Amino acid sequence: MSELNWTLLPWQLDVWQHPSRFKVIAAGRRCGKSNFAIKRTLAAALNAPKGSAVLYIAPTLAQARQIAWDALLDQAGDLVKGSNVNQLDITLVNGIKIHIRSGENPDALRGMKLAFAVIDEAAFIKEEVWTKIIRPALSDLKGEAIFISTPDGRNWFYDLYSLGQSEEDPDWKSWHLTTWDNPTIDPKEIEAAKRS
């Protein structure tokens, strides 16, 4: 069986170890947020109870495929029992499915019993995907969720971020990160990008 021999960035380790159930990450480009979400998705699927599933959502199907499909297959290695490229489903050796979907048609997301969910680029997905579909699907198992996004004004993602910052609800925690938080990016490259 494959070993999940990961190295996490310092901020990724901090978020991973935090006990909150719902984690909100507002972050700039190239800080490692999607890479973190892929790792958490695999870990959650390997520990999910029988009969449940794990979900990874992006705003469009093209984004979901581009961001998550290859990365999940590559990082899971021989932990993958099977995959369906048309459905964007990955079945792990423990029988748990990882569903990769878009937020374009919220009704197509109904009917799942979820142990874990990632909403990638959440600021660009309709709020009802979370409130009416994903949140109820997590209730049976008290599943966890991660929201990652580049900010897009004051919308529902901003509200979740603010809730996590307020520390009023122990289920929620949020982090703000920038490209500077990724030590694998050359600081000179960041400065050059800022100049242009």
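Trainee: Among contacts in the chain between residues at least 6 apart in sequence, what share joins residues at least 24 apart?
Mentor: This is a predicted model, in which local features need pLDDT of at least 70 and side-chain atom pairs count only at pLDDT 80 or more, while totals for chains, interfaces and linings use all residues. Residues are numbered from 1 along each chain as its sequence is written, and side-chain values use heavy atoms, with hydrogens and water left out. Taking contact to mean heavy atoms within 4.5 Å, the share of such contacts that join residues at least 24 apart is 67%.

Trainee: How many helices and strands does the chain have?
Mentor: Helices (H or I, at least four residues) and strands (E, at least two) are DSSP runs, numbered from the N terminus. Read along the sequence, they follow the pattern α-β-α-β-α-β-β-β-β-α-β-α-β-α. The count is six helices and eight strands.

Trainee: Is I96 buried or exposed?
Mentor: I96 is placed in the loop between β4 (89–92) and β5 (97–102). Not counting residues up to four places away in sequence, I96 touches several others, including A45, P49, V54 and I90. Buried means under 20% relative accessible area, exposed over 50% and partly exposed in between, with a 1.4 Å probe and protein chains only. Because its relative accessible area is 3%, I96 counts as buried.

Trainee: At which residue does the kink in α4 lie?
Mentor: Helix α4 (residues 127–139) has 13 residues and reaches 17 Å from its first C-alpha to its last, close to the 18 Å expected at 1.5 Å a residue, where the expected span is 1.5 Å times one less than the number of residues. The bend at a residue is the angle between axes fitted to the seven residues ending there and the seven starting there. Shortly before the proline P136, a kink of about 30 degrees lies at I133.
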